[in-house]
Amino acid sequence: MKILRVFNNNVVLASRVRPVRASYTPGNTAGAAAVAGLAGKSDDSGSAGTVNPAVEQVVVTGRGVGFGAHQGDEVDESKIAQIFVPADGRDPDHAGEMMAFVPYDTMRLVTDALTAAVTTTGATAKLPEKLTLVTALADHVTQAQVRAERRETIQYPLEAEVASLYPDEHALGRELLREINNRLAAGGQSTGDRGGEQGGERDGVDKRLPAEEATALALHLVNAGFATGDLSYTYQMTGVIQQMLDVIGAEWKVGLRQASISVARFITHVRYLFVRMARGEQLDHASDAVSAQIAQAFPQHDRLARKVARVAELRFDQTLTEDEIAYLTLHIARLADTERNEHD
């Protein structure tokens, strides 16, 4: 493999001949040998704009893999911890930059914990190979440990929804949290710019994550399950969410800030809705009684929910069930209450 770009001491962008069967994983000597053999082949792909179908660009991580390295150098195979292949048309440079932003020790902590959790729960073995998922999880764990160090806690109001709607992801999130905390308790690592210090505690502060974080980890797993295949659907989803917020803002004659907690909570619900639409699993309990009661209790919000629902229906060519519209009504009512309090 040939280095195309050095992001930091532990992350580089490299080019390699696209493997047919073999792949490299830590401890997989056969895979390492195969990759080494491929790297020895002729490869004049050194530019990021290559269109050679036999060559792929990968993000390589490993302690010291980029230390003292330069563009055009061969990757030191002995320092490789993991190789990530950017998927779904993602820009390899951007993917590498995201990964380089997260402390390397945290990246390894999350990767190892996720691999163990996947084995325990029987989830898809490819999850630890998803660059964007591992990066998002590692970034979240970094911030969660900072909060733990400051003795700050966050209550996630969507815990019941996540456990009910996505039991597999929730179970994996709980197991992932257990694996992370086991490693921290055993001296896995501490995060931040002092990354590399050992121990689950430092200066009397327990750096293990609270049980509530399982919900947040599960949310990342849900998003990873959604963001597979053609990314155009993901980009479309982002545009539709903004259009929905514009409809609500126009109705209320206010500007909704995506940075606000109430709007972020609403966006999370809408993302869940899109996941259910993509999976063909819309809420539909075959009874209009509850939906009718909600419409009667919140007539204005019900009318607005139907306007918002129409945006999704037109953009994704699907009809929302009455249960989904009722659920959307409840979230709009909640958004209205919190927004009203913020503007009062």
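Trainee: Which residues line the largest cavity?

Mentor: The general idea goes like this: rolling a probe the size of a water molecule over the atoms shows where empty space is left. In this predicted model, the lining of the largest cavity is made up of Ser 262, Arg 265, Phe 266, His 331, Arg 334, Leu 335 and Thr 338.

Trainee: How many cavities of 30 Å³ or more does the structure hold, and how much space lies in the largest cavity?

Mentor: There's 1 cavity of 30 Å³ or more, and the space in the largest cavity comes to about 40 Å³.

Trainee: Which elements give two or more residues to that lining?

Mentor: Those are α9 (261–279) and α12 (322–343). Helix α12 provides the largest share, with 4 residues.

Trainee: And how do the lining residues divide into nonpolar, polar and charged?

Mentor: You get 2 nonpolar, 3 polar and 2 charged residues around the largest cavity.

Trainee: What is Thr 329 in contact with, leaving aside its neighbours within four places in sequence?

Mentor: With those neighbours set aside, Thr 329 touches Ile 294, Phe 298, His 301, Asp 302 and Ala 305.

Trainee: Let's move to the rings. How many aromatic pairs are there?

Mentor: The count is 1 aromatic pair. Phe 274 and Phe 316 make it, with 4.9 Å centre to centre and 65° between the planes. Planes over 60 degrees apart count as edge-to-face, and that is the label this pair gets.

Trainee: Why does the pair tie together parts that are apart in sequence?

Mentor: Phe 274 belongs to helix α9 and Phe 316 to helix α11 (residues 299–316), so the pair links parts 42 residues apart in sequence. Both Phe 274 and Phe 316 are buried.

Trainee: What about the largest nonpolar core: which residues have the most contacts inside it?

Mentor: Val 59, Leu 114, Leu 176 and Ile 180 do, in a core of 35 residues. Elements that each supply at least two residues of this core include β1 (2–8), β2 (11–17), α3 (104–121) and α6 (167–185). Take Leu 176 as a case: leaving aside neighbours within four places in sequence, its contacts are Val 110, Ala 113, Leu 114, Ala 117, Leu 137 and Leu 217.

Trainee: Which residues are among those of the other core?

Mentor: That core lies apart from the largest one and has 26 residues, including Ile 248, Ala 309, Phe 316 and Leu 335.

Note on methods: Residues are numbered from 1 along each chain as its sequence is written. This is a predicted model: local features need pLDDT of at least 70, side-chain atom pairs count only at pLDDT 80 or more; totals for chains, interfaces and linings use all residues. Side-chain values use heavy atoms; hydrogens and water are left out. On a 1 Å grid over the protein atoms alone, a cavity is a set of points where a 1.4 Å probe fits but cannot get out, and a pocket is an open set with protein on both sides within 12 Å along at least five of seven lines; lining residues have an atom within 4 Å of a point. Grid points are joined across faces, edges and corners, and a volume is the space filled by probe spheres set on the points. Ala, Val, Leu, Ile, Met, Phe, Trp, Tyr, Cys and Pro count as nonpolar, Asp, Glu, Lys and Arg as charged, and the others, Gly among them, as polar. Rings of Phe, Tyr and Trp (its six-membered ring) pair if their centres lie within 6.5 Å; planes under 30 degrees apart count as stacked, over 60 as edge-to-face and the rest as tilted. Buried means under 20% relative accessible area, exposed over 50%, partly exposed in between (1.4 Å probe, protein chains only). A nonpolar core is a set of buried Ala, Val, Leu, Ile, Met, Phe, Trp, Tyr and Cys residues joined through side-chain atoms within 4.5 Å. Contact means heavy atoms within 4.5 Å.
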